[in-house]
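These are my notebook entries on a single structure. I set down what I looked up, in the order in which I looked it up.

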Amino acid sequence: MQFATKALRVGQDPDPKFRAVVPPIYQSSTFAWEDLDHIPPIDYSRCQNPTREMFEKVVAALENGEHCTAFSSGMAAVAATLALLQQGDHLLMANDIYGGTFRLAEKYLPRNGVSYSGFDAQNPESIRSVIQATSKLLIFEGPTNPTMRVPDIKKICDIAHEYGLTVVFDNTFASPALQTPLDYGVDVVLHSTTKYISGHSDVVGGATITNNSDLAYFIYEWNKAFGSNPSPFDNWLSLRGVRTLSCRMERHCKNAMVIAEYLEAHSQVTKVHYPGLKSHPDHEVAKKQMSDFGGMVSIEFVTVAEARWVAEHVGIFLLAESLGGVESLIAYPPLMSHATMTEEQRVERGIPPTMLRLSIGIEDAQDLIEDLGQAIASYPAKVPATV
Ligand SMILES: Cc1ncc(COP(=O)(O)O)c(C=O)c1O
């Protein structure tokens, strides 16, 4: 079965009683036992729920994985995978990892006696120089947020596995429609399903996918133990969203490419970060491991004032956190996704205060171009360049 068909049919047979074509919401916390000799297959919704199970089956299939666990947020999925680390263990984390994952490693893992070192995912050999005898797990992601770098997944997995590390990859920005990291050797893929998988900016959720049954069981039990399970309604929304992932992603990519080309040619935009552009440093890696280049584009201006002006003067793009929904969003990383980092940490990670991040939606591309164009053109040069 091909991707688009799997998204609509895996785990979603018509319900056995009424043959409803749309999977029902099993909005029940508990399930009745027939008698004490027959435990129902699902008995309590913190542990499992039929709507959640349907969502997990389809997400696993889309990632070419066996096991999926759904969570109440992407961060809960990150926390569950990092919980594989015990006191005394060491984590390798890509320098340009998502800010929330960075916060978890920096602030909370040390409380459990777990230390971490950063590595440069664009230089897989750098792993060798930071590895320690106690290193157990490596986490990275791509395209990265908001710099849109594309690490070579296979190269990183090969080196990490030489040292026996468990490799975790956050596939939120690409989605399984564009990239299936388990096929390159990743041990656990995770998602903020809030983003492309659900796709309509109406639910927060997460998921992990793996082919390793021991890892799968640990993660499933952690979710049950910590109670970070999603609600049946949230799972239903995510399930409804994932059914259209394939065609949404096609449009996100098509729009993003046209917009990236327009912005690259614009005299007031100093840099465009989009892996679909030939000028992008990871264009070749992206071509090798992704089926298209995604819906996320970052841009830079000469001054902070100009970047802020554009963020505040778009009309169709909405100034908001998050990404991957059908509507276009514009974000200013220093005050949004990367607000917990210091200016120095951001600049070190290639995130200057003159950068904006665009989540390109599925609107008409020409309308989006005109919207960005008018916002840039309306910037009054009299605003001091030093602001
Ligand atoms: C790459 C990435 N991973 C994880 C997360 C966390 O997901 P959530 O906000 O669903 O907890 C985000 C959120 O923006 C993200 O962008």
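**Entry 1**

I began with helix H11 (residues 304-313), which lies across S10, S11 and strand S12 (355-359) and runs at about 30° to S12. I note that the model is a predicted one.

I then looked up the sheet under this helix by its strand order. Five strands form an open sheet, ordered S8-S9-S12-S11-S10, with mixed pairing. At the edges I found strand S8 (271-273) and strand S10 (318-319), each of which pairs on one side only.

S10 pairs with strand S11 (residues 329-331) in the parallel sense, over two bridges. For Leu-318 I recorded Leu-329 as the bridge partner in S11.

A further helix belongs in this entry: H9 lies across S8 and S9, and runs at about 10° to S9.

**Entry 2: helix H9 against helix H13**

I looked up how H9 meets another helix. Two packed helices are described by the angle between their axes and the distance between the axes. Helix H9 (residues 245-264) packs against helix H13 (residues 365-377) at an angle of about 35°, and the axes are 10 Å apart. The crossing in which H9 passes H13 is right-handed.

I listed the residues that make the contact: Asn-255, Val-258, Ile-259 and Tyr-262 come from H9, and Ala-365, Leu-368 and Ile-369 come from H13.

**Entry 3: Asp-292**

Is Asp-292 buried or exposed? I found 20 other C-beta atoms within 10 Å of Asp-292.

Asp-292 is found in the loop between helix H10 (283-289) and strand S9 (296-300). Leaving aside neighbours within four places in sequence, I found Asp-292 in contact with Leu-178 and Cys-253. I also looked up the pair Asp-292 and Ala-177: these residues are 115 apart in sequence, and their C-alpha atoms are 8.7 Å apart in space.

**Entry 4: the seven-stranded sheet**

I turned to another sheet. Seven strands form this open sheet, in the order S1-S7-S6-S5-S4-S2-S3, and the pairing is mixed. Strand S1 (67-71) and S3 stand at the edges with a single partner strand each, so one side of each has no neighbour in the sheet. Neighbouring strands here are turned by 20° against each other on average, direction ignored.

I then looked up strand S2 (residues 90-94). Four of the five residues of S2 are buried, so S2 is largely enclosed by the rest of the structure. S2 and strand S3 (residues 115-119) run parallel and are joined by five bridges. The bridge partner of Met-93 in S3 is Gly-118.

H3 lies across S1, strand S5 (166-170), strand S6 (188-192) and strand S7 (206-210), and runs at about 40° to S7.

**Entry 5: the ligand shell**

Which element gives the most to the shell around the ligand? I found that helix H3 (residues 74-82) does, with three residues. The ligand is surrounded by 15 residues, and the closest are Ser-73, Gly-74, Met-75, Ser-192 and Thr-194. By class, I recorded five nonpolar, eight polar and two charged residues in this shell.

Conventions: Residues are numbered from 1 along each chain as its sequence is written. This is a predicted model: local features need pLDDT of at least 70, side-chain atom pairs count only at pLDDT 80 or more; totals for chains, interfaces and linings use all residues. A residue is near a molecule or strand if its C-beta atom, placed from the backbone, lies within 6 Å of it. Ala, Val, Leu, Ile, Met, Phe, Trp, Tyr, Cys and Pro count as nonpolar, Asp, Glu, Lys and Arg as charged, and the others, Gly among them, as polar. A residue is buried if 20 or more other C-beta atoms lie within 10 Å of its own, exposed if 12 or fewer, and partly exposed in between; C-beta atoms are placed from the backbone. Two residues are in contact if their C-beta atoms, placed from the backbone, lie within 7 Å. Axes are lines fitted to C-alpha atoms, for helices over the stretch in contact, and angles run from 0 to 180 degrees between N-to-C directions. A crossing is left-handed if the near helix is turned anticlockwise from the far one by less than a right angle, and right-handed if clockwise. Two strands pair if DSSP finds at least two bridges between them.
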